[in-house]
Amino acid sequence: MMKINISKIKRFALPLFFIFLGSIFALGSSPIYVTNPWDDTNAMLTMGRALTHGIIPFKDLVDQRGPILYFLFSFASLIKGNSFFGVFFIELINLLIVYFLTYRILQVIGKSSRQNEWYSLIGPIILIGNSTFNLGGAPEEFAFTSVLFLFYVIIRFNHDLLEINERYLFLLGLNFAIVFWNKYSMAGPFLVFFLLLSVHSVNKMNFREFIKNKFLPAFYGFASISFIIILFFLFSGGLVDLIKVYFIENLSYGHTPGTLIHRYFSTMSYITIIVGRHIYILFMIFVGWFIASREKVNIFPEIYITVGSILVMAIPQQYTDYYNMIWLPVLIVSVIRIMVKIFNRNELDTNLIGKYAKFLIVIMLVCLPFSNNIDLGRLIVKGNEKARDYGTRDAQKQFGEIMNFKKHDKHPSLVMLNSLDDGFFLSAKTLPTTRYWHKLNMTRSQMPEMYEDFNKTLKYEKVEFVVVKLNERPAMNIKRLKKQVVQNVDDSLQKNLQQNYDISAIASNRDNIGYVLLQNKKTEKNTNYLSTLN
């Protein structure tokens, strides 16, 4: 019978409690907040909720991210369907995995110490305490963990890639698949790693040994996840749609037309933005590499993977800060090296700095997100009407009540015509009924199918409600309001929208964000009804 190590549990109990405490404040899906206002996370939760009702991603509903993420969010919705509590739960689990991976890395680099369970809080701090984190729930947040595992394996085998055994190669292949089917544009760290492994193997072993001892274990890991996903979409009749949407159509996102020289300069410009915005992080990474090089550590795999990740990320030339999470795990490794150097291995437990370091680490865990992540100012604490940035969720609340006006057991149908889902499906407690249900970040030339589907939805009044987002407060003057609606909708959609939909209600969450709710002419008018649109 396995004995429970009580002393070990006691050592970890308090650090784990502080991880929970930090997550309560730093995660946008935390139960202390009214909701997570980030449209990306709302969209993914809607996809997850739909999947639990038998609606197949890509086949029945179109979105840009990968199936792994939708499976993850479907599990979250099973925990509690009409809230973000399930998302908070899986994010907390992810943070705990980051914590224990950091602990294992610290055990290798800093050796054994009675304070390692405290110093390992550095991992969760770096994940949720930097400016790229946003409000949580991004694909990069979960890929961060897989990339950290990659660095752990490299460090565990003393940066000798050929020494990595078959078991760990299988696990690396498995994590590669998780990242690939989460959002394949994040696969840079694993692509660079396996390229390095192949190059080293060619120089050190024959081809048959490489296939047997290196390629096949990693392939089996990758295939174990991929086989399940392909099988799911094959039997659900959505395999062709998966390939078409997730791979082919997504390739057009961020495509920059022009000559090779133009694309080169665009990519270099993108990299310059990354360096400029994260110069202090990159400086700490270089310090960590410098310390490791002085100790005769072969840091080149880490350098190649980090630089390669940034280059792969830069190719589409679409800058969004949270994309940078994919290369930030190397910062954990560098900070650990700096800590070990400062505290000195032999005095890690007795040094005065070491004794009080855990106090400073806890303060960082709880406070750093609020100093680095301005998006937390958008969150509304339960019991309050406004966030710290004075934003509200009035539109979602008001429109949700209107859409459920006299619905009883019937769920309302709607489409987000010019923006991502901003929580309106959740507030209306409904699911999409059309394949294209919110506007993806694609132009008409990049994804004409989406605009054609929108037009059919409007022409045949397939949905009762349409939500149009404005970058200003809705006008109180009806003539001006109609003009705002038309100006914010693609030219190809204006005619059918004007002919078949009326203005039902208006609302704004802040001065620069407003919404207009439109209803089809067959829908019963409510007390908020304003005017026809044409």
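The model is predicted: local features need pLDDT of at least 70, side-chain atom pairs count only at pLDDT 80 or more, and totals for chains, interfaces and linings use all residues. Residues are numbered from 1 along each chain as its sequence is written, and side-chain values use heavy atoms, with hydrogens and water left out.

Start with the sheet. It is open, has 5 strands in the order β1-β2-β4-β3-β5, and its pairing is mixed. The edge strands are β1 (414–416) and β5, each pairing on one side only. Strands (E, at least two residues) and helices (H or I, at least four residues) are DSSP runs, numbered from the N terminus. Two strands pair if DSSP finds at least two bridges between them.

Helix α17 (residues 394–403) packs on this sheet and touches β1, β2, β3 and β4. Its direction makes about 150° with that of β3. Axes here are lines fitted to C-alpha atoms, for helices over the stretch in contact, and angles run from 0 to 180 degrees between N-to-C directions. Contact means heavy atoms within 4.5 Å.

Now take strand β3 (residues 501–510). Of its 10 residues, 9 are buried. Buried means under 20% relative accessible area, exposed over 50%, and partly exposed in between (1.4 Å probe, protein chains only). β3 pairs with β4 (residues 513–520) in the antiparallel sense over 8 bridges. The two form a hairpin with 2 residues between them. S508 stands opposite G514 in β4. β3 also runs antiparallel to β5 (residues 531–532), joined by 2 bridges. There, I503 has S531 as its bridge partner.

V415 stands opposite V466 in β2.

V466 returns in the largest nonpolar core. This core has 154 residues, and W181, F193, W327, V466, L497 and L518 touch the most other members. Helix α7 (residues 139–156) gives the most to this core, with 11 residues. A nonpolar core is a set of buried Ala, Val, Leu, Ile, Met, Phe, Trp, Tyr and Cys residues joined through side-chain atoms within 4.5 Å. Leaving aside neighbours within four places in sequence, W181 has contacts that include P67, F222, I229 and F247. A second, separate core of 10 residues includes L69, F84, I90 and L426.

Finally, I363 lies in helix α16 (residues 352–372). I363 is partly exposed because its relative accessible area is 39%. Its C-alpha atom is separated by 50 Å from that of V486, 123 residues apart along the chain.
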